[in-house]
Structure formats: structure tokens, C-alpha cells
Amino acid sequence: MSVAGLKKQFHKATQKVSEKVGGAEGTKLDDDFKEMEKKVDITSRAMLDIMTKTTEYLQPNPASRAKLSVSNTMCKIRGQERAGMGYPQAESVLGDAMQRFGRELGEESCFGLALIDVGESMRELGEVKDSLDMEVKQNFIDPMQNLHDKDLREIQHHLKKMEGRRLDFDYKKKRMGKVVDEELRQALEKFDESKEIAEQSMFNLLESDIEQVSQLAALVQAQLVYHRQAAEILQQLSRKMEGRIQEASSKPRKEYTPKPRMLLELLPPSEIHNGGLLSAKSPGKSPAPLDQPCCRALYDFEPENEGELGFKEGDIITLTNQIDENWYEGMRHGQSGFFPINYVDILVPLPH
């Protein structure tokens, strides 16, 4: 920078300090100019915030959004095309999970088949959401970004240049008499020229807001197309689900048949086989625990009253008490209760 340029920058800084600190008054701009400047500032801030919020609306997961941004930046640095991997839509992620588990359940499961149907539709919704992303980016975000980076940045450049020339003019005006009249006149002309250019650029932006309205209309149209396609997909899926419900309701119901349990009986050490476990399918009668009072059932006994102990013919019952001349109290498979004496044959009697 030349000596004259450094000198001019010093004069501007001096004038700015005198206004900020000393309270000196500079040249006032008219109300119309200040109103346009205010609206341009609001427009600039609105575009930045709306572009950010639109991206967050379309891609709500901040971690995935950041990962995609880094990937695209690295491709740009390397001079490569953007990576094929796009933003992982939540619908696609959910659809993949449903289809995976549906296939694991198999075709015999009505729930599994329904999962596959819903998963396929969710993946279609994800693809439609991808189309919405591209449409909004191309016809809303990119044009708005271009307007901000070009027109608004140009306006800011003109305003900054005008402010510098105003400070130079006010500095020289304050030293009128010490500054050559021609120099003061040239400073005023430059200030007026910059003011006019800035004013014209702001006017053109504010008067051509049909572009911004058209961009908003493109956003609305893209949303409308997305929701129509999504509604069609969900309506088709709803009809499929009705069919799956009918299919599941008409499917013959199977009766549950419990498998026989393994029985744990207390046997003398000499008779222990298979760890003391006896299959319920084992034929014959259960061996008697001869080391404690017990009896063997002569007949089947079905309990009719609360507290009675049921058993089958041949079952071994551990005796715990004789209630009276007609009833014993005993235990079988961890359950205790009363049963008639004439239904059993005593193997080891109760101690007297």
C-alpha cells in the first residue's frame, strides 16, 4: 500500500474513533436508505438461518449430517466426485431392519411376511425422501445460497466501501480550511457515488423478491409431491396389511401339546441312573423312596375340593401325616395335599 493509502486509512480510523469514543457526528444517511439497509440485513440473516434449518429438517440426524458433510468435503479436496453414499434416511434404516427380521422369521410366519411388506414400503419411503432432498437442494437451497453468496455479498461490499468513503469525507470536512477544497469535493463525490451504487443494489434486491417467493414455492411443491407419493405408498401398504390380517385370522390354529417333563425322584444310591432323572415317558411305575414313609396309588384320584392332592395309578406319594382314619396328608412332585387312605397301598408306614 502506498504512503497516501496508509495516510487515508489512518484518517478513516481517526474519524471512526472520534465518532465512537468522542461522540463526533458523521454524515447522516436518509431514512429510506437506512430502511433498505435494515431490510437487506434481515434478508441476509433470514437466508442463512432458513438454509440451515431446512437442511436440519431434511436431515435431522446431526451425526449422519456431519459425516456426510466431511465425506463431501474430502471428495472436493481430492478433486473426486461426491461419494455415492447419501444421507441415511430413517425410513430406509427402519425398512432394512424389518426386512431382515422378516426373512429370519420365515414365510411360515404371518408376522414375518408382514414385516417384509412394511419394510419394503419403508424403503420406498426412504427413496422418495431422497428425491425430496435433491429437489429441495436444487430448487430452494442452492438458489438461495447463490443469492446470498453473490448479490448479498456484493451489497455488503458496496456498503463497506461507502462507509470507508464517508469516514474519509467526514474527516476532511472536519478539517475544512486545512484541506484543499478540491480534495474535499472529490471526497464528497466518491462518497455520493458509493452511496448511490449501494442504494441501487439494495433496491434491485428488494424489488426482485419474486425470486425468493418462487424459491419458496418450489419448496412447497417439492413437499407436496413427496407427501402425495408417500400417501400412495402407505395406502397400498394398508391394503396389503388388511390382506395379511385376513390371512392370519383364517390360518388354522394349532393346539399346544406340552412335551413330557423330566422327573426328579429320590432313589437309593444303588438305583440311581441318568443322574436321578426319569423321563415322563418311561414306562412302569415310579420306584418307591423306601427310606421315608410313602405309599403307592392304587387308583387315579381327581381332587374335588381345595387342599386335596391328585395323582395317577402307580404314583409314589410321600406320607407326611395321617389326618384321621380315612385321610392321609402327603406330597408328590413338590405339591402337598390330602387324599383318601383306601386309594393307596402303604409301602413305608408313618412312625407311631
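In this predicted model, arginine 332 has glutamine 335 of β6 as its bridge partner.

Step back to the whole sheet. Five strands form an open sheet in the order β6-β5-β4-β3-β7, with antiparallel pairing. β6 (335-340) and β7 (344-348) stand at the edges. Each has a single partner strand, so one side of each lacks a neighbour in the sheet. On average, neighbouring strands here are turned by 40° against each other, direction ignored. Strands of a sheet pair through backbone hydrogen bonds, either parallel or antiparallel.

Now turn to the nonpolar interior. In soluble globular proteins, nonpolar side chains tend to be buried together. The largest nonpolar core holds 33 residues. Phe33, Val136, Leu159 and Met202 have the most contacts inside it. Two or more residues come from each of α2 (31-58), α5 (110-174), α6 (181-207) and α7 (210-250). α5 gives the largest share, 15 residues. Take leucine 159. Beyond its neighbours within four places in sequence, leucine 159 touches Phe33, Glu37, Ala198 and Met202.

A second, separate core has eleven residues, including Cys295, Ala297, Phe311 and Leu350.

What about the cysteines? The disulfide count is zero. Cysteine 295 shows why for its own sulfur: the closest cysteine sulfur, in cysteine 294, is 7.0 Å away, too far for a bond. A disulfide would need the sulfur atoms within 2.5 Å. Cysteine 295 is buried, at 0% relative accessible area. Cysteine 110 counts as partly exposed, because its relative accessibility is 21% and buried means under 20%.

Conventions:
Residues are numbered from 1 along each chain as its sequence is written. This is a predicted model: local features need pLDDT of at least 70, side-chain atom pairs count only at pLDDT 80 or more; totals for chains, interfaces and linings use all residues. Side-chain values use heavy atoms; hydrogens and water are left out. A nonpolar core is a set of buried Ala, Val, Leu, Ile, Met, Phe, Trp, Tyr and Cys residues joined through side-chain atoms within 4.5 Å. Buried means under 20% relative accessible area, exposed over 50%, partly exposed in between (1.4 Å probe, protein chains only). Helices (H or I, at least four residues) and strands (E, at least two) are DSSP runs, numbered from the N terminus. Contact means heavy atoms within 4.5 Å. Two strands pair if DSSP finds at least two bridges between them. Axes are lines fitted to C-alpha atoms, for helices over the stretch in contact, and angles run from 0 to 180 degrees between N-to-C directions.
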